Amino acid sequence: MEENVIVFLRGHHLISLYVFYFEGDNCLGYYSEEHEENTKNILREIIGGARIRLIVVPDSICDKCPRKETSWCQEMTAREDDKSVIAYYGFIENQTYEWSVVSQRLKERGLMW
Ligand code: SF4
């Protein structure tokens, strides 16, 4: 268990987490091999028990993504999506949650998109 680790996750990556956990890691699209490896490592860390702080800025998944400098990823539209997804699942921005709470909420509310 990784209960002492906190992973910073931008809100709309809860959707990625949902798909990865409930539908399997082959259901996610990746932008490069490095992005894929990094994303899987982070999501596995969360599923392993790391706590999650929900943010509305680029996160450690974005760090290894070749698209991180594109406008959508940096601009307010992406941040609005982060906020919308955080609200949809009934969470609060910049708060930290246990994986058990997050996984239960994802299951209850299903996919937002
Ligand atoms: S940089 Fe953009 S496309 Fe890449 S993971 Fe982050 S939000 Fe997604």
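1. For the sheet, two strands are taken to pair if DSSP finds at least two bridges between them, and helices (H or I, at least four residues) and strands (E, at least two) are DSSP runs, numbered from the N terminus. This is a predicted model, in which local features need pLDDT of at least 70 and side-chain atom pairs count only at pLDDT 80 or more, while totals for chains, interfaces and linings use all residues. Residues are numbered from 1 along each chain as its sequence is written.

2. The 3 strands form an open sheet in the order 1-2-3, with mixed pairing. Strand 1 (6-10) and strand 3 (96-97) stand at the edges, and each has a single partner strand, so one side of each is left without a neighbour in the sheet. Strand 2 (residues 51-55) and strand 3 run antiparallel and are joined by 2 bridges; Arg 53 has Thr 96 in strand 3 as its bridge partner.

3. Overall, the protein has 6 helices and 3 strands, which follow one another from the N terminus as β-α-α-β-α-α-α-β-α. The C-alpha trace spans about 35 × 25 × 25 Å along its principal axes.

4. Of the contacts between residues at least 6 apart in sequence, 77% join residues at least 24 apart, a contact being two residues whose C-beta atoms, placed from the backbone, lie within 7 Å.

5. Around the ligand stand Pro 58, Ile 61, Cys 62, Cys 65, Arg 67, Lys 68, Cys 73 and Ala 78, where a residue counts as near if its C-beta atom, placed from the backbone, lies within 6 Å.
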